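Look at the model first, then read on.

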Amino acid sequence: MERAVARIDLGALRANCERLRAELGEARLCAVVKADGYGHGATACAEAALAGGATTLAVAVATEAAEVAGAGVVGGPDVRPGDGTPDLFTLGALTEREVDVALGAGSAISVWTPGFLDLVAARARALGRIARVHLKHDSGMGRLGTFDGEEVVRLARAAAADPDLEPAGVWTHFATADEPDDDEGYFFEQLARFEPVAEAVRAEHPGITVHAANSAAVYRSRRSHFDMARCGVAIYGLDPFQLDPADRGLVPVLSLRSHIAAVKRFPAGQSAGYGRRWRASEDTWIGVVPLGYGDGVRRALTNDCDVLVEGRRYRLVGTVSMDNLTIDLGPETAVKPGAEAVLIGRQGEEEIRAEELAARLDTINYEITCAISPRVPRRAA
Ligand SMILES: *Cc1c(COP(=O)(O)O)cnc(C)c1O
């Protein structure tokens, strides 16, 4: 028995990737493993995603590229595009030092200004590498990338003309792919702005990879698939629309498990935890679970979620503290110390999904798994 563990079902991750590939048809799957694989563990998830048919891995920052490449999963200085080895791509803005780290990891780099293109070329030359660049169009996300489609075309031309560079991709990112009910067509506006830019670049560089879709966009419209989709949340079996992932045949990969460390009789009126935010209305049994916000179980769940024990739901009562939380086992209980307690995942017939916790916290499932702290070991299920 462990104090707490995040069980990672790599078979489910692989199956989710296969599912997405079926959705994509000809388009390739890029598995996004940034933020330690959305809290699931980047390296193991990267391997499982490649086994599930992903051809590219994406990370957000250079240290993540170095981690994935260092583990030998993908990347490294010898990677050549198109030779069948999986590709690695760093999505985010990089400092000069980070450019070196990303290039050293064999990662492709995102570029949207001439100045940064020159910097990447200079660093590639200094390191004796050819830098693969993905030119980023901001079609309406309002974040990284250039709004100017012609600038994207010029950057691709400049990259093709530079022996230290290779134009590997042209891409954009959607702001509202996951909000089909509220976006009033903004998703399709973005698509309509990006399409002519992508076509103009492709006309001059026929082998370039055009990509735009995240997980939600894959389901939203085939038109967004282009040559490749960058899928994060769905590969982890989390629903991009905050609904039930099973509706799309996705299986949750992560479960968060701990145990009952103590079972105590509470007389009516006894409070649980800091600030006495809950008091027993009648005599009851309380189970103490050694898991808290230090593990990423948000304090805002105080008095506001369920925990599974022996296949049924019990209310979390009292304040979530850094290292412990308490649940009300009721006036009569057979639950004993040592029983498994599940915060996220399935136990018997019951299941608590990340989407359920996200709804309680007024956030999205992404933040629930990313929040699980390094104190919780990730172990293959
Ligand atoms: C994180 C990220 C993705 C993956 O998005 P999901 O919604 O998790 O599929 C794709 N593209 C970019 C630019 C990202 O930052």
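Between domain 1 and domain 2 the count of salt bridges is 0. A salt bridge here is a side-chain nitrogen of Lys or Arg within 4 Å of a carboxyl oxygen of Asp or Glu. The side of domain 1 that touches domain 2 has 5 nonpolar, 3 polar and no charged residues. Ala, Val, Leu, Ile, Met, Phe, Trp, Tyr, Cys and Pro count as nonpolar, Asp, Glu, Lys and Arg as charged, and the others, Gly among them, as polar.

This is a predicted model: local features need pLDDT of at least 70, side-chain atom pairs need pLDDT 80 or more, and totals for chains, interfaces and linings use all residues. Residues are numbered from 1 along each chain as its sequence is written, and side-chain values use heavy atoms, without hydrogens and water.

Domain 1 covers 10-238 and domain 2 covers 254-380. These bounds come from an automatic or database domain assignment. The domain centres, taken over C-alpha atoms, lie 38 Å apart. Contact (heavy atoms within 4.5 Å) links 8 residues of domain 1 with 9 residues of domain 2.

The two domains bury about 800 Å² between them, 64% of it on carbon and sulfur atoms. Buried area is the accessible area (1.4 Å probe) that two parts lose on being put together, summed over both. Tyr 38, His 40 and Leu 238 supply 52% of the area that domain 1 buries against domain 2.

Now the spaces.

| Largest pocket | about 580 Å³ | 25 residues | Lys 34, Met 141, Arg 143, His 173, Asn 214 |

On a 1 Å grid over the protein atoms alone, a 1.4 Å probe fits in a cavity but cannot get out, while a pocket is an open set of points with protein on both sides within 12 Å along at least five of seven lines; lining residues have an atom within 4 Å of a point. Grid points are joined across faces, edges and corners, and a volume is the space filled by probe spheres set on the points.
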